[in-house]
Amino acid sequence: MGIFKKANNKLEGAVEGAFGRAFKSSVQPVELAHKLAKEMGDHKTVGVSNVYVPNEFDVYLGKDDFEHLASFEDSLKQELSNYVTAFARREGWTLVAPPRIELNKDDDLRVGEFGIATRTVSAPMETPDAGFAAPPGAMVPPAAAAAPGGMIDQTVLYQEPAPVAAAFAAAAVPRASSARGVLRGRQGDYQLTEPVTVIGRSRRCDIVLTDPNVSRQHAEIRRQDDGFMLIDLGSTNGCRVNRRDVKQVVLQHGDRIELGTTELLFERQP
């Protein structure tokens with residue numbers, strides 16, 4: 001019996017999401033990152049003064065996907081953990097302990113299918129983490145307080161195609177970078193200080209553009225090694241760099257990026 005059949009019995013129907021995959025393609029790291037962020041938002045708990053989100057994630061993968069991603073598992077888990085932390089901070093959500101992400105193999109899953117089980121687990125009282133512990137006087141998520149061991153279990157199975165995955169197919173998992181960069185445009189200058197900078201029309205993006213030709217989440221700029229990579233997030237009107245259409249590209253000093261009708265100048269800083 002596969003993990004999701006077991007989880008379904010254990011969690012009394014908490015397995016959700018059954019979408020037909022139109023084509024088979026392997027699971028990509030950026031796809032996992034976006035779904036982990038989605039799961040945090042879907043399973044948040046609203047307290048008196050804080051919004052709590054899951055901090056532990058078990059990712060279940062089919063045999064082929066697991067073997068591929070396990071080849072750089074440590075780097076992948078660290079990058080996903082950084083992404084989850086940065087996303088929670090941007091949304092104003094509270095993680096009661098540092099995020100933990102584990103990869104698991106499930107032979108019942110096909111290529112491109114994956115599942116995510118989420119839990120909210122408080123840090124041990126004897127070893128608090130000041131960076132993630134709830135503020136003094138803050139209410140512990142009620143569901144977590146009631147669950148055995150301070151846990152909430154939520155499991156979801158993903159089978160739908162993710163357009164952003166194809167754009168990231170050849171991209172390696174970015175590592176910590178000391179590179180500094182800036183985007184210059186008519187609306188001002190934007191410092192690229194985060195591991196991932198999302199650009200789009202949505203107010204939730206790191207860089208918000210008012211151009212109606214820009215998608216809500218149009219593109220990402222990821223700090224990678226000693227540079228920056230631009231990745232199209234499946235936008236309607238695409239991305240252009242120096243007048244050429246691109247899905248992903250390593251940015252060079254002086255590159256001109258076009259998103260919709262907005263032009264941004266990328267500059268490396270010393």
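This is a predicted model: local features need pLDDT of at least 70, side-chain atom pairs count only at pLDDT 80 or more; totals for chains, interfaces and linings use all residues.

Trainee: How many helices and strands in the protein chain?
Mentor: Six helices and 17 strands.

Trainee: And what share of the residues is buried?
Mentor: Of the 270 residues in the protein chain, 51% are buried.

Trainee: What about the accessible surface?
Mentor: About 13500 Å² for the protein chain. Carbon and sulfur atoms account for 50% of that.

Trainee: Let's switch to strand 9. Mostly covered or mostly open?
Mentor: Mostly covered. Strand 9 spans residues 196-200, and five of its five residues are buried.

Trainee: Which residues point which way?
Mentor: Val196, Val198 and Gly200 point one way. Thr197 and Ile199 point the other way. Both sets are buried.

Trainee: How does strand 9 run against strand 11, parallel or antiparallel?
Mentor: Antiparallel, with four bridges between them. Strand 11 covers residues 219-224.

Trainee: Which residue in strand 11 partners valine 196?
Mentor: Arginine 222 is its bridge partner.

Trainee: And strand 10, parallel or antiparallel to strand 9?
Mentor: Parallel. Two bridges join strand 9 to strand 10, residues 207-208. There, glycine 200 stands opposite valine 208.

Trainee: Back to the whole chain. Of contacts between residues at least 6 apart in sequence, what share joins residues at least 24 apart?
Mentor: In the protein chain, 67% of those contacts do.

How values were computed. Residues are numbered from 1 along each chain as its sequence is written. Side-chain values use heavy atoms; hydrogens and water are left out. Buried means under 20% relative accessible area, exposed over 50%, partly exposed in between (1.4 Å probe, protein chains only). Two strands pair if DSSP finds at least two bridges between them. Contact means heavy atoms within 4.5 Å. Accessible areas come from the Shrake-Rupley method with a 1.4 Å probe; for residues, only the protein chains shown count as cover.
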